[in-house]
Amino acid sequence: MSPFTMRARMALELRGVAYELLEESFEPRKSDRLLAANPVYKKIPVLLLPDGRAVCESGVIAQYVDDAWPAASAAPLLPEDPYQRAMHRFWTAFVDDRFWPALDGASLAPTPEARAEAAAEARAALRHLEEAFAALSNGGAFFSGAAPGLLDIALGCFLPALRACERLSGALLLDEAATPLLKKWSERFAGIHAVEALLPETDEVVGFTRFLQAKFGVAGAN
């Protein structure tokens, strides 16, 4: 269910890099393997390299994959032009710093009022990303143009959580009237074979979100 693990796996899949998935259980405690591999944040995902070194944080992993396998047959995740690379990194940081906290709050904030405020912030962030798509895609199907790249992965890994939030709240976040480019983009991105296989069903994410709402005592949750 972790969107950040999905992001790392999307990078590997889209670059055509073979890997082994090692699942972690956080109960009753985090494993010694995880704590040794990521002693700073103590979080998943972690990319364990064959020589025993580790790369942590999903955005860093995605960029490492792009750098470490430059001869991969698939398209690179970042454009060649330095300014364009900077812009893709800027908007990737925006997704993590502004959009994801708002989306998370739209489902898990403690009160209905706080969830409504978070949903409004998520819609505002999506409107900014709509403008970014128009500027960066050059009329292509994805933020990176003809093929999906880092920014597509950065936002696309949150599509399951977004769809679950929409179903639980009964209100659209990706609105075809307000964000028509992103609405079409979301359908194209989710339809990529390598991506589709990684995305959980909306029902599963709704169930997991309800579990978290009960765990955190979210008031007035559906």
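Tutor: The structure holds seven salt bridges, a salt bridge being a side-chain nitrogen of Lys or Arg within 4 Å of a carboxyl oxygen of Asp or Glu. This is a predicted model, in which local features need pLDDT of at least 70 and side-chain atom pairs count only at pLDDT 80 or more, while totals for chains, interfaces and linings use all residues. Residues are numbered from 1 along each chain as its sequence is written, and side-chain values use heavy atoms, with hydrogens and water left out.

One of the salt bridges joins R167 to D203, with N and O 2.2 Å apart. R167 lies in helix α7 (residues 159-169) and D203 in helix α10 (residues 202-216), so this pair ties together parts that are 36 residues apart in sequence; helices here are DSSP runs of H or I with at least four residues, numbered from the N terminus. R167 is partly exposed at 49% relative accessible area, whereas D203, at 56%, counts as exposed, where buried means under 20%, exposed over 50% and partly exposed in between, with a 1.4 Å probe and protein chains only. Another salt bridge links R33 and E24, whose closest N and O atoms are 2.8 Å apart; R33 is partly exposed at 40%, and E24 is partly exposed at 25%. D51 and R53 also meet in a salt bridge, at 2.8 Å from N to O, and R53 is exposed, with a relative accessible area of 53%.

L182 touches, leaving aside residues up to four places away in sequence, L126, L129, E130, F133, F143, L155 and L174, contact meaning heavy atoms within 4.5 Å.

Key. Helix = DSSP H or I, 4+ residues; strand = E, 2+ residues; numbered from the N terminus.
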